[in-house]
Amino acid sequence: MQTRGTLRLATRGSTLARRQAALVAEGLETRRYEVELVRVETTGDQLRDELIHRLGKTGAFVRELDERVLAGECDGAVHSMKDMPTDQPDELVTAAVPERGPAGDVLVTPDGATLEELPDGAVVGTSSLRRRAQLLAERPDLEVRALRGNVDTRVEKLLAPSLQAEHERRLAAEAEHESTADTAYDRTVEEWFDGLAEVERRALGREVETRYDAIVLAEAGLVRSGLARQIECRRLSRRRFVPAPGQGALAVTAVDGDDARAIKEAIDHPRSRVEATVERTILAELGGGCIAPIGVHAIVQGEYVNAAVQVFDRDGEESVIANRDLPIEDYPAAAREFAAELADRGAAELIEAARRDAETDGSDVARSEDGGGADRSAGDDEEAS
């Protein structure tokens, strides 16, 4: 069968980034394009964790991919939407927003506990300013600690202490009794190990630095990585834990022209584009960038786009929270107007305070998880996010 041509798409080199790029490639291939994925190591991937928050303001995880496109080395670049700065070079367009994945966050625990079931003073891992503020708004007793690395690494850090303790108990029981029939276990250590998921096996060999009772991740990252089938997780309410702008969405950038139009025609999902545009428009108008705890989530509902917004201070004690139906026929202007009203209601003051904190505070949770949105992670949180 004759193809429509070959498209070279730049992608980050992390496991989940490549999986997400593969999803885009599959969509294009079903429309008879040949796709070559070009792996690019970005500055953000190379830098030490403590420098990530500085580069979040300039899109370190995005910039090098788009530079390949501008240089003509690639026809497009695949990004996590929430990593993208709200401004981009004039020559580039967001050629396509494929159908969005799950937009919300999940709580991951070793035993499947809910947020309400966590003990007083439980340690919860995240390096997201937004998630930290939301957690503390719900449970001020929690201890929120930094959690870095790609999605697999984060899950392994959570599971390691309990799995290693169970392993030691089983080894001790086998050493104490000549036959496992006399122990409290119905399987040998080897049989127990063989029954573990791959992520659990890796966790057994991980050095434990911090014992987390729970961690918070993006559901889309777990689903796309295949980990959602291997671990216990609980969805967090998208009303109480409004996601980061663009969370769960992918974007393909390209130089404005024939390739961009071809990519859009092949894989763009209009509803997902509208929702992501509303979210990013509100973020851009508020100006929170990567330094403020901001959640924005939009859902197309008939003739309206329902937009939910949360802006917090760092500790979740002060907030501006609102929900509005925006007319879909003029959603960009309506989104800007909504954001301006939120700014006047106190969101601008909270964001300015967060900016001052970011300039003076070098603490572990002094940034967000997404480069151009309200969160930016150290490492690969386009996947954990």
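Q: How do the residues of the lining of the largest pocket divide into nonpolar, polar and charged?
A: In this predicted model, the lining of the largest pocket holds seven nonpolar, five polar and three charged residues. Among the 15 lining residues, T86, Q88, T94, T277 and R280 are the closest to the centre of the pocket.

Q: How much space lies in the largest pocket, and what makes it a pocket rather than a cavity?
A: The space amounts to about 320 Å³. A cavity is a set of points from which a 1.4 Å probe cannot get out, while a pocket is an open set, so the name pocket tells us that this space is open.

Q: Which elements give two or more residues to the lining of the largest pocket?
A: These elements are β4 (92-96) and α11 (270-286), and α11 gives the most, with six residues.

Q: Why is P161 called buried?
A: P161 has a relative accessibility of 7%, and because buried means under 20%, P161 counts as buried. P161 sits in helix α6 (residues 151-176) and, leaving aside residues up to four places away in sequence, touches V208 and R211. From P161 to P110 the C-alpha distance is 9.4 Å, although 51 residues separate the two in sequence.

Q: What makes the largest nonpolar core a core, and which of its residues touch the most other members?
A: A nonpolar core is a set of buried nonpolar residues joined through side-chain atoms within 4.5 Å; the largest such set has 30 residues, of which V278, I282, L286, V309, V311, F338 and L342 touch the most other members. At least two residues each come from α11, β11 (294-301), β12 (304-312), β13 (319-327) and α12 (331-360), with α12 giving the most, eleven residues. One of the members, L286, touches V309, V311, A339, L342, A343, A347 and I351, not counting residues up to four places away in sequence. Another core, of 23 residues that include V123, V151, L163 and Y212, lies apart from the largest one.

Q: How do you know where the pLDDT is below 50?
A: The chain averages a pLDDT of 87, and 86% of the residues score at least 70, but the pLDDT is below 50 over residues 46-58, a stretch with 26 contacts beyond near neighbours in sequence. Residues 363-385 also stay under 50, and the model gives them 129 contacts beyond four places in sequence. Because pLDDT is the predictor's confidence in each residue on a scale from 0 to 100, contacts in these two stretches should be read with that confidence in view.

Definitions and conventions:
Residues are numbered from 1 along each chain as its sequence is written. This is a predicted model: local features need pLDDT of at least 70, side-chain atom pairs count only at pLDDT 80 or more; totals for chains, interfaces and linings use all residues. Side-chain values use heavy atoms; hydrogens and water are left out. On a 1 Å grid over the protein atoms alone, a cavity is a set of points where a 1.4 Å probe fits but cannot get out, and a pocket is an open set with protein on both sides within 12 Å along at least five of seven lines; lining residues have an atom within 4 Å of a point. Grid points are joined across faces, edges and corners, and a volume is the space filled by probe spheres set on the points. Helices (H or I, at least four residues) and strands (E, at least two) are DSSP runs, numbered from the N terminus. Ala, Val, Leu, Ile, Met, Phe, Trp, Tyr, Cys and Pro count as nonpolar, Asp, Glu, Lys and Arg as charged, and the others, Gly among them, as polar. Contact means heavy atoms within 4.5 Å. Buried means under 20% relative accessible area, exposed over 50%, partly exposed in between (1.4 Å probe, protein chains only).
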